[in-house]
Amino acid sequence: GEGNRGSLAIDPTGTVMVTTSEKAPPILTNVATGQEIMRLKGHSQGEKVSAVAFSQDGKTIITGSYDG
């Protein structure tokens with residue numbers, strides 16, 4: 001069946017995670033508190049981000065979506 005596909009990545013320090021889903025933009029969250037930090041914008045199909053990763057230094061978030 002069709003589920004809510006998404007991805008999760010945790011920064012190298014283990015303090016921030018970013019989650020994706022087909023129904024919401026990528027969300028940055030404080031790992032310790034669970035508090036939302038911010039929502040990312042930028043893809044033309046905004047909410048359909050299917051993959052996410054942090055760079056090795058944790059300064060850049062890479063996302064992949066259905067908008068090519």
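User: In what order do the elements of the protein chain run from the N terminus on?

Analyst: They run β-β-β-β-β-β, so helices and strands here are DSSP runs numbered from the N terminus, with at least four residues (H or I) for a helix and at least two (E) for a strand. The count comes to zero helices and six strands. Keep in mind that this is a predicted model, where local features need pLDDT of at least 70, side-chain atom pairs count only at pLDDT 80 or more, and totals for chains, interfaces and linings use all residues. Residues are numbered from 1 along each chain as its sequence is written, and side-chain values use heavy atoms, leaving out hydrogens and water.

User: How do I read burial, and what percentage of the 68 residues counts as buried?

Analyst: Buried means under 20% relative accessible area, exposed means over 50%, and partly exposed is in between (1.4 Å probe, protein chains only). In this chain, 25% of the 68 residues are buried.

User: Which residues make up the largest nonpolar core?

Analyst: The general idea first: in soluble globular proteins, nonpolar side chains tend to be buried together. A nonpolar core is a set of buried Ala, Val, Leu, Ile, Met, Phe, Trp, Tyr and Cys residues joined through side-chain atoms within 4.5 Å. Here the largest one has six residues: Ala 9, Val 16, Val 18, Leu 28, Val 52 and Phe 54. Strand 2 and strand 5 (49-54) each supply at least two residues of this core.

User: What does Val 52 touch, not counting residues up to four places away in sequence?

Analyst: Contact means heavy atoms within 4.5 Å. On that basis Val 52 touches Ser 7, Leu 8, Ala 9, Val 18, Thr 20, Ile 61, Ile 62 and Thr 63.

User: How many salt bridges does the structure hold?

Analyst: Side chains of opposite charge can pair when their charged atoms come close. The cut-off for a salt bridge is a side-chain nitrogen of Lys or Arg within 4 Å of a carboxyl oxygen of Asp or Glu. The structure holds one: Glu 36 pairs with Arg 39, with the closest N and O atoms 3.1 Å apart. Glu 36 is partly exposed at 40% relative accessibility, and Arg 39 is partly exposed at 41%.

User: Where does Asp 11 lie, and which side chain of opposite charge is nearest?

Analyst: Asp 11 sits in the loop between strand 1 (6-10) and strand 2 (16-21). Asp 11 is buried without a salt bridge, and the nearest side chain of opposite charge, Lys 59, is 12 Å away. Lys and Arg count as positive, Asp and Glu as negative, while His and the chain ends are not counted. Beyond neighbours within four places in sequence, Asp 11 is in contact with Val 16 and Phe 54.
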